[in-house]
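User: I am new to this structure. Please take a close look at one part of it for me.

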Amino acid sequence: MAETRHTSSNGVAHVDADSAYAASDKMTPKRLQRSDSLHIEAGKIPGSQTHAAKAGWATTLNLAFQSIGVVYGDMGTSPLYVFSSTFTSGINDTDDLLGVMSLIIYTVVLLPLIKYCFIVLRANDNGDGGTFALYSLISRYARVSLIPNQQAEDAMVSRYKLESPTDRIKRAHWIKEKMENSPKFKIMLFLVTVLATSMVIGDGVLTPCISVLSAVGGIKQSATSLTQGQIAGIAIAILIVLFLVQRFGTDKVGYTFAPIILIWFILIAGIGVYNLFKYDTGVLKAFNPKYIVDYFKRNGKQGWISLGGVILCITGTEAMFADLGHFSVRAVQIGFSVVLLPSVILAYIGQAAYLRIYPGDVANTFYKSIPSPLYWPTFVVAVASAIIASQAMISGAFAIIAQSQVLGCFPRVRVTHTSTKFEGQVYIPEINYTLMILCVAVTAIFQTTDKIGNAYGTRIAVVFVMFITTLLVTLVMVMIWKTSLLWIALFPVIFGGAELIYLSSAFYKFTQGGYLPLVFAAILMLIMATWHYVHVHRYNYELQNKVSNNYVAELAASRNIARLPGIGFLYSELVQGIPPILPHLVEKVPSIHSVLVIVSIKYLPISKIETSERFLFRYVEPRGYRVFRCVVRYGYNDKVEEPREFEGLLIGYLEQFVHQESFYSQAGDHPIEELGDEIEPSAEVPEGRLSKSFSDRITAAPSDGCTDEIQLIQREMEDGVVHLLGETNVVAGPNADLFKKIIVDYAYNFMRKNFRQPEKITCVPHNRLLRVGMTYEI
């Protein structure tokens, strides 16, 4: 059941939209203005608390405790190797320790503390963080999304939290217009977002390998007979166990790992204080930033090169933002400020004090500076902590892929919500096992951290993602927060300038190794860009070939079309009008169900949508033919209901919609204003929420025709629901160039066939599924 259609602009129907209305308790049906059905549904939604709403202190402290075991493992274990990575050629002048210590202090304070804890975390998307969350946040305030599926009703969702720029704020309005009118900017913004996302996940492949190999390598001190291959084998076994426990969820993993990391922080802080008072309290002078200037004056180019080692003190910083959806802003801030920051600073100060007396031990600073009675306990906890350090990148990868998939930037995968207590905690089996296979392969092939690349590529990925975050948050400050020009200028100059300096140092030693994370990032970016490219073109094809509203009227007048018992759900991504798959279905099978609902599942650029706000309906004329349009809206962290639950919800809200339409029909059938497809997402939406008493009167006295229609829907529901799934085969047009044919015909179709099919994502039962095949030429 497939045919080929060529792109044309035939019969383009416009989206019906009408201004929202205000209701009062004294309003009568005669005084009520006729409104578009989609706006009626959007207008009656009650407000609700957002994901970012303030939680109680018990919940916040609970999440803060979990975040210690998930978010801060990587940054917390950096004292294992920062000084040895910075002084690769040894310490020539003990005063250099003051300069490097000062660099570490102010790097940790400037970037993780000030930038991320107090600024970047505020730029969350209803409690979710990461590069894609920033992209979706910006997309809500300006039409920068490459998929033109914005609707005025979207801005009426309670979690949308839209505040449009006004003419009084000319700067924000001017920048917004420039962004919306520049296709090049839209593409560049998307590619930058995908690049940052790919680098985070590419780094996530190597972080577990390096952490586990570094930890297990310490066994050589007590078991000298072990070969490097045997050590790699032990590391592989630990990696497999680490990935296998991910299916239990961030909640349980965090509770399991948090006590170990907490003990680790207590140990390194206590050892740091001990070393400070035993060896040299003079290192406290490092809080004076003048020692940074003296360090660069003494060392010149070598001092700049050493920044590639200093930057390792903040590896894992981006995980604070990427993993935000698993916790909360306040919980992450408490975990960093109260636990991590003082612990690692004290650890570095203690090591610097020890090295002032024993500079020759810089290659193995951490273990050499541990007091003898605490050596073995610290070694055991260090091994466990280094293994846990990879957890932040794994959790971040799950959150990022979940966000990118619903925004049309990644092939279909199964996203499992692992916690009913804390929203945003997800697990993706395909990504988990892919990361496990890649980590095992890298560990087995390279066997040592030196061969993997000595973390130079990891440094580049870490700093580059931080710089992209700086650019995106600057856009948020300009267009959404509408901050003063002074702060807007200072943010990229101070933070972006520091990150560029570190990035230049990391690139200096790039030729010595570290290609792997960038290779993984390039492959992932190619997958995401290819999928989104075809996804956008497929949507535009449906938009250009959508069917005129008169088509259903012609069907109603035709006597050759049979009505089948039951209800049919015809799925399409198109939210503006009737998709071309409907006439194709009727042409091949000249019949439709007694009640047909054209269902468009749409993901808004927000994290969560309340069930009461999920369904938007409208009639497709003529009303007596019982064909409806329904837009089902989800946030990118929403869980898709099971089939029976989904069917019950949709039919229930459909009956409620019929009630309301009956009431408005009694008020008089005024013409509906026709608007174009270009919806201004940031336009101010008038208040359209109905009071509870008014909503009650809508459903209080339905007409006889309304009652008959609802009873008919209920009878047809008893006959069963059939899911009609539009399965489109996308091919390159005959005039397409070779590159486009490779992307569409081979790369995209390979991914479409080898990733999960749509019915597996939506849990549509096979015994009630009918595939409707169609070929699109783009």
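How many helices and strands does the chain have? Then show me how helix 5 meets helix 22.

Analyst: This is a predicted model. The chain has 30 helices and nine strands. Of its 778 residues, 59% are buried. Its accessible surface comes to about 30400 Å², and carbon and sulfur atoms hold 60% of that. Take the contacts with a separation of 6 or more: 86% of them join residues 24 or more positions apart.

Now the close look. Helix 5 covers residues 95-118, and helix 22 covers residues 485-508. Their axes come within 12 Å. They cross at roughly 130°. The crossing is left-handed.

Which residues make the contact? Helix 5 supplies Leu 103, Thr 107, Leu 110, Leu 111, Ile 114 and Lys 115. Helix 22 answers with Phe 491, Ile 494, Phe 495, Ala 498, Glu 499 and Tyr 502. Nine of these contact residues are nonpolar, one is polar and two are charged.

Another helix gives a view of burial. Helix 25 spans residues 581-588. Six of its eight residues are buried, so helix 25 is largely enclosed by the rest of the structure. The buried ones are Ile 581, Leu 582, Pro 583, His 584, Leu 585 and Val 586. Their cover includes helix 24 (550-557) and strand 4 (562-571). It also includes strand 5 (591-603), strand 8 (721-731) and strand 9 (769-777).

Note on methods:
Residues are numbered from 1 along each chain as its sequence is written. This is a predicted model: local features need pLDDT of at least 70, side-chain atom pairs count only at pLDDT 80 or more; totals for chains, interfaces and linings use all residues. Side-chain values use heavy atoms; hydrogens and water are left out. Helices (H or I, at least four residues) and strands (E, at least two) are DSSP runs, numbered from the N terminus. Buried means under 20% relative accessible area, exposed over 50%, partly exposed in between (1.4 Å probe, protein chains only). Contact means heavy atoms within 4.5 Å. Accessible areas come from the Shrake-Rupley method with a 1.4 Å probe; for residues, only the protein chains shown count as cover. Axes are lines fitted to C-alpha atoms, for helices over the stretch in contact, and angles run from 0 to 180 degrees between N-to-C directions. A crossing is left-handed if the near helix is turned anticlockwise from the far one by less than a right angle, and right-handed if clockwise. Ala, Val, Leu, Ile, Met, Phe, Trp, Tyr, Cys and Pro count as nonpolar, Asp, Glu, Lys and Arg as charged, and the others, Gly among them, as polar.
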